[in-house]
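Here are my notes on the model, point by point. Have a look at the structure first, then read on.

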Amino acid sequence: NDCLRFFDVVVRDCDRALIAEILDAAPLGEIVTSGRTLQSIPSVQERMPEIRASTFWRGRPYPFASISLVTSMGCPYSCDFCVDWNKPYVLLPLERLEADLRFILQKFPRVIVGFHDPNFAVKFDQVLAILERVPQDGRKRYIMESSLSVLRGSRLERLRDVGCLYMIPGVESWTAYSNKSGTRPVGSGRDKLDQMVEHFKLIREYIPGLQAGFIFGFDVDEGDEPVELMKEFMTRAPFVWPIVGVPTPFGETPLYDRYLAEGRILTSMPLTFYYGPYLVSTLKNYSPLTYYEKVIEMFSHMTSGSMLVKRLQATSGRIRLAHLARTLGFRLMMGRFRRFVELLKTDRQFRAFHEGESDVLPEYYHRQYERLLGPYATLMSREDRQPVHRPMQDASPHATHLEDNE
């Protein structure tokens, strides 16, 4: 019963104390928040039962197993599509980080450590000092997500020396969000492309595995240029695996507010589909059919035989195996994009929904929703699947600090 009560409460900033208060006396139908910045999370040792069940095989680590850590919360940037756009950057206790790393290296020395910070090592010297204090054995074991603006100069040497195996910077767009990438003022997408290629080449000298995050379909994207720039980036930097995402207007972001005000949110789309490859809004410069055709064009280039050869020649070891596996996996993913194209061409209801001309959720999504829920599908009626949409200024006054109501 306690678990079911969470369905009646929307939770914002949360910590251990707020969870206890929700279970004790949550006001049903309210939005609740602690009003506090999260200061700590359970240690790896405390999380071991969940780690063994979720990331190990039969309770034991396998060759590519990983353990997740977080060293900070929030983000120093304010990208309008990000749920952390207004969350101040907070560095979590460094003594906990050191204790977690020592525990992992003692108990599971071959496990990969993945840092899930929205932006790793903004406080670079403080965080790297902890990693450098932990005994090193020459292995590459760390995966990190960071902004390109952080990855410069002697910092790259320090990341190499502590054992950074894989780095995941976000580029986001060829013509916007350049503060995160640390690029000089750009006059065009091609200017940014040239800078990105050179920057990634520099990082590659120190870190063997690289991934770059992009989002295609922002209002600044128009015509063939973003697609051509993306394909050229893949060709010139085959050692970087590009992730091309769909613009998703998550609630309580400026992007969501703007799209909602402009009537561009597909309001009957269940929140279950707020991730790629699903379009949950209409785009400014692309019809849904054109959009998916261009995504297929990018993915076809990404997974082509010639690109696979370039990637294998440009990498080695585990990174080479990762490129091979991802190429095969993304070829399968293209089948979903082609299915969307087929439906947009042949199913009038599906096309009308995605063009914003109908609020009726297509049967395709009902079937997908029920498949995902499996035996629990009957618990959610078709009416209950439709989210409630309201802008931030309408949602904020409903937020309740539970401790203020006691």
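1. Val-11 is partly exposed, with 32% relative accessible area (buried is under 20%, exposed over 50%, partly exposed in between, using a 1.4 Å probe and protein chains only). Val-11 sits in strand β1, residues 10-11; strands here are DSSP runs of E with at least two residues, helices are runs of H or I with at least four, and both are numbered from the N terminus. Setting aside neighbours within four places in sequence, Val-11 is in contact with Leu-18, Ile-22 and Val-32, where contact means heavy atoms within 4.5 Å. From Val-11 to Ile-22 the C-alpha distance is 9.3 Å, at a sequence separation of 11 residues.

2. Ground rules, before going further. The model is predicted, so local features need pLDDT of at least 70 and side-chain atom pairs count only at pLDDT 80 or more, while totals for chains, interfaces and linings use all residues. Residues are numbered from 1 along each chain as its sequence is written, and side-chain values use heavy atoms, with hydrogens and water left out.

3. Now the whole chain. There are 16 helices and 11 strands. The radius of gyration is 22 Å, close to the 22 Å that the globule rule gives for 406 residues, so the chain is as compact as a globular protein of that length. For the record, that radius is taken over C-alpha atoms, and the rule is 2.2 Å times the number of residues to the power 0.38. Along the principal axes, the C-alpha atoms fill a box of roughly 55 × 55 × 45 Å.

4. On burial and surface: 47% of the 406 residues are buried. The accessible surface is about 19900 Å², and carbon and sulfur atoms hold 53% of that; the areas come from the Shrake-Rupley method with a 1.4 Å probe, and for residues only the protein chains shown count as cover. Among contacts with a separation of 6 or more, 68% are between residues 24 or more positions apart.

5. How do α3 and α4 pack, in angle and axis distance? Helix α3 (residues 44-54) meets helix α4 (residues 94-107) at about 50 degrees, with the axes 10 Å apart. Axes are lines fitted to C-alpha atoms, over the stretch in contact for helices, and angles run from 0 to 180 degrees between N-to-C directions. The pair is therefore oblique: under 35 degrees would be roughly parallel, over 145 roughly antiparallel, 65 to 115 roughly perpendicular, and the rest is oblique. On the α3 side the contact is made by Val-44, Gln-45, Glu-46 and Met-48, and on the α4 side by Arg-96, Asp-100, Phe-103 and Ile-104. By class that gives four nonpolar, one polar and three charged residues (nonpolar: Ala, Val, Leu, Ile, Met, Phe, Trp, Tyr, Cys and Pro; charged: Asp, Glu, Lys and Arg; polar: the others, Gly among them).

6. Some backbone spots to check by eye. Ala-121 has phi near 60 degrees, a positive value in a non-glycine residue. Ala-121 lies in the loop between β6 (112-115) and α5 (124-133) and is buried at 1% relative accessibility. Glu-172, in strand β8 (residues 164-172), also has a positive phi, near 75 degrees, and counts as buried at 8%. Then there is a cis peptide bond from Gly-276 to Pro-277, with omega near 10 degrees; Pro-277 is in the loop between α10 and α11 (288-302).

7. Not counting residues up to four places away, Thr-248 touches Phe-81, Leu-255, Tyr-274, Tyr-275 and Val-280.

8. Last, Arg-320: buried or partly exposed? Arg-320 is partly exposed, at 37% relative accessible area, and belongs to helix α13 (residues 317-346). Beyond residues up to four places away in sequence, Arg-320 touches Leu-312 and Thr-315. The C-alpha atoms of Arg-320 and Gly-209 are 9.0 Å apart, although 111 residues separate the two along the chain.
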